[in-house]
Amino acid sequence: VTLRAKLTVAFALFAAVPMLLPLYWVNRALSDALSTEYGARLESAARAVEGEVRRLSAEAAAGARELARSPELEGLARDRVAGQLDVAEAAARAKEWMGARSLDVLAVAEPNGQVVSSGHLPGRAGDVDPELGALFSESPPGAAVARFVSRATPSGVEPVLALVAWEPVAGDLRVAAGIALGPSFAERLGALTGGDVTLVDQGTARPLASYPAQGARLRAFLSGFLRLPQGQVRSIPLGPLGHDARPLAVVEVTLSAAGLARAETTVVVAFLSALALAVLAATLFGHALAGRITRPLEALRAGALRVAAGDLSRKVEARATGEVADLVAAFNAMVADLASSQARAAAAERVAAWREVARRLAHEIKNPLTPIAMSVETLRDALEGGRPDFKEIFDEGTTAIQQEVRRLKRIVDEFSRFARLPAPELAPVAPEELVDALLALYPAPPSGIRIEREVAPSLPKVNVDRDQILQLLLNLTANGVEAMGATGGVLRIAAVALDGAGAVLFSVADTGPGIAQDQLPRIFEPYFTTKEGGTGLGLAIAERIATEHGGRLSVTSEVGRGATFTLRLPAVAG
Amino acid sequence: LRTDRSAVRLLGLLPLATLAALTALAAAWPELGRAGVRPRAGGELLVALPATPRQLDPALATSAADQIAARAVHATLLEVDAWGGLRPGLLAALPEAEPGGRAFRCRLRPGLRFHDGSPLGAAEVAASLARLLQPTTRSPHAWVALPIEGAEAVRTGRAGALSGVQVLSPTELRIALAVPFPDFPRVLAALPSAVVPRSGGGRIGAGPFQVAQPSADLPARPGAGAAAQGALRVVPFDGHWRGRPYLDALSLVGLDAREAARTFGRGEVLVAIRPEPIPQAAMLELPALSATYASVNRARLAGRAEPVRRALAAINRVELVRLFVRGPAAPLHGLLPAAALGGGQTPPSPPAPPPSGDAGRLTLLVSSDAPFHRAVADRLQVKLFDRGVKVAVEAVPAEVFAVRAQRKDYDLALLEVPLQTVTPVPAALQAAFALDGPATALESLAALGTADRGALPAHLASLEERLDAVPLFAAALRVSARPGAVQGLLPGADGGIDFGDVWLLSQRSGNGAP
């Protein structure tokens, strides 16, 4: 992360933090105010639920009271006392009465719960119904209580929560009447409270009915998944408290918290918008300011990178003041000093190199001069002494002088070649063609020497000066053949692909005596030779050709087992 | 039925018990046996029934009201007298059994005719028997002709006529059976075996009354009481083999219990045939032959069937009948009611063990038109619930119920089988056919047909096990007659009332008009 980026972020943070703190306090104050209003609505909903439960309780009690005094029930009781009751006919009567009075629970039973007629569970007639027995023994007459009652429904006998009241009837009978607290009850409460209503069995924690009934589970899942605001739940107990101090069931009312959430969201969105604008402005300003501060430093950094890459030619140009301006000036001065030091060192190095070349050249030239001088002196002495064999001496002397002069000429030619090697003219050439051209020069190798060709198929072309590379390979081949000499051997010329065909490796390997380990580091130095009469410039020229082609020439050898010269050349891309 | 030795002893006492019951009946039904009073012809009788008859075809009539009306319009080859004996009807004499009990020769009375004047001969008898089996008829009473040779071919539509019925002459025929069945003549006394013409849709027969023209479905004649509105009105058939009936007209109307009691009190209705008693009426209970079974569909319930069956078997039927069946009824402790065993009472089944395993939630199919079945279904629902089996009651119209019952499209169903005979083997044949189809019925007949009376209880118990039906109760109707108004209402032992024998003591119409 650049200094400029860090400075920009710092500016943005300085703008954001002071704005975020008031957002928290304002939002909290607003939330408190809205929650108070929401709580009042919830309380009102709870009162509405309690009022509806009281109304239904009164309705159930009135139903029981009206039935207890009805002529139908009095007639049934009278027939029963007189022993004229058709029990099968009586068993079905409660169902008729229940339907006519819009009740959900209706049963006529003896005090112990033995059912004479049941409307909500007609098949129970004749049996002792423990639910009715418990109602008669635990609850006073005339007051409705919430109870679970087994009731015949289209899907079978199921427990339903109902507000049930009972009244005594003449003939030692009792009538129980009730109103079920089911889906229609939940729907009515939903309409009264304007919220979601769920009736929950406290014994099993199972929802008995809910409003809205359709998709309640899906809505709950989605609001949980989407983290939508959840309304508060107000639980209103139903029925007497049990042994565990819990009511039989509860009505859970949930009022929508959408308004509350909407107000909070509006405030938060307004604050966040202002925050976003402030941060944006701070970022733009900070970016510009940081640019002014960091531009000279970035120029210095770029200059340092250039120096590290070896470019000492350019100065750092940056408008700056104060310490940064001093730093730029000091850097430029340091780079200038470094450049002049390097120039001086290079010049000294060149002088030393040429001095070495001159020393070696002088040494090479000095060697033939001695025989020439001795021959000239011998001839002069023979001539002055009038030697009779002057003619023989003359021939011998001049022959020696000629030989040494030729040797001197060869030394001068080689040096001239080394000094004036032309720049390579590159063109794509197939490695196979290079090897074939090389072998054409040795159609009949010397006796005892066998030349083997190993060229891998489908090699990429190399970008080379064909003549210079051929000269290099010829030099290596000649050296190998010469090294094996009369003992003979095998010269293996090979070409293979390297680096996923990013390069081609040529190798010339002989089975001659090899090169001593201490000579290997110097083998490419000019005027270093191990051969009698060698100039010591062949391999130096070869190494220079390889370098000028972007390649590399190297050697490995083991004394007694031959030497291998390898030339690595970059392949033509594509 | 499982205590075979006790059952054998009881069955042996059947004739004696029947005689004693009928003697008691005659004493309690003074109008029946008033000696020295000459029957009078004339007058119109209005009879209140549980429903107004709609189906007069004997091959299709199943409800009590339809069967009462069909008996008035149609005639059977044989009849059952009040003492349970057979007597000739359309036949000139009782059928002659050939050795082995597999073939019977029948001879018709001469000169028999249908209401439309067409002759009634042996060919019509053969056609009527085949009609019961033909797939197009869809008769629930195909069991009647099932024992006859060639029944399967006719039933499956591969043949039009029964190969076992040979028409020997216009009045003679030979009926060959697929299995030995000595009690086959009892089947020929059952209402579904009544002879019908080859065309007529079942409304034309050879019984004592014929459907009035214009149709009895039209409003009753002017002057008739309000109760007669919509009644089925039939008029005497002069060509009946016993001669013209006494009544000038017979109207059959469906009234509920309260309306029946009210019209009876006003004198509009002189006879009511309903389950409930009617105050100030002379009453007679018909034999309880309408057996109701809880059928368990094992094919659908698989492993749940057995726990449910055991739970059903454990239900207290005496209590069930007392509390939920209105009218005369008797708990069923075996496949057949006592009336179908000739008057003997079968020993109760041993108490069933409590059910084990989870039967899950099931549906109990019940016909919404069958009297008391909804109340009985409610009781079964509660008792099964007490035993951990949750059952939903599904009440459907009778037509839908019949189709679904035939396809066995139910988990549990309350099936009512109005048994047509008072003899065990034919009754078992009918029950097996109704509860499990023709294959089981034929197999049961093969086992029961020639079984001696001692082995009968064991065979019936075995059949009950196989049918996957728990017998619940057998219900009956009550005949309530206005004292001093009607004569000749004595039913046969099979519960059939021949209105051709009924006459009014005073010459006034049964609907209250002078």
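Sheet first: I find 5 strands of chain A in an open sheet, ordered β2-β1-β5-β4-β3, with antiparallel pairing. β2 and β3 of chain A are the edge strands with a single partner each, so one side of each has no neighbour in the sheet. On average, neighbouring strands are turned by 35° against each other, direction ignored. My terms: strands (E, at least two residues) and helices (H or I, at least four) are DSSP runs numbered from the N terminus, and two strands pair if DSSP finds at least two bridges between them.

Ground rules for myself: this is a predicted model, where local features need pLDDT of at least 70 and side-chain atom pairs count only at pLDDT 80 or more, while totals for chains, interfaces and linings use all residues. Residues are numbered from 1 along each chain as its sequence is written, chains are lettered from A and ligands numbered from 1 in the order written, and side-chain values use heavy atoms, with hydrogens and water left out.

Next, β1(A). Strand β1 (residues 105-109) is joined to β2 (residues 115-118) of chain A by 3 bridges, antiparallel. I see A107(A) opposite S118(A) in β2(A). The two strands make a hairpin with 5 residues between them, and G113(A) in the turn has a positive phi of about 95°. β1(A) also has 5 bridges to β5 (residues 173-180) of chain A, again antiparallel; there, A109(A) has R174(A) as its bridge partner.

Angles run from 0 to 180 degrees between N-to-C directions, with axes fitted to C-alpha atoms, for helices over the stretch in contact; contact means heavy atoms within 4.5 Å.

Last, the interface. I get 21 residues from chain A and 20 residues from chain B in the contact. The chains bury about 1,600 Å² between them, 51% of it on carbon and sulfur atoms (accessible area, 1.4 Å probe, lost on being put together, summed over both). A88(A), G123(A) and V157(A) supply 28% of the area that chain A buries against chain B, more than any other three residues.

The rule finds 5 salt bridges across this interface (Lys or Arg side-chain nitrogen within 4 Å of an Asp or Glu carboxyl oxygen). I looked up the salt bridge of K383(B) with D127(A): 2.8 Å, N to O. α3(A) gives the largest share of the side of chain A that touches chain B, 4 residues.

Notes
Buried area = accessible area lost by both parts, 1.4 Å probe.
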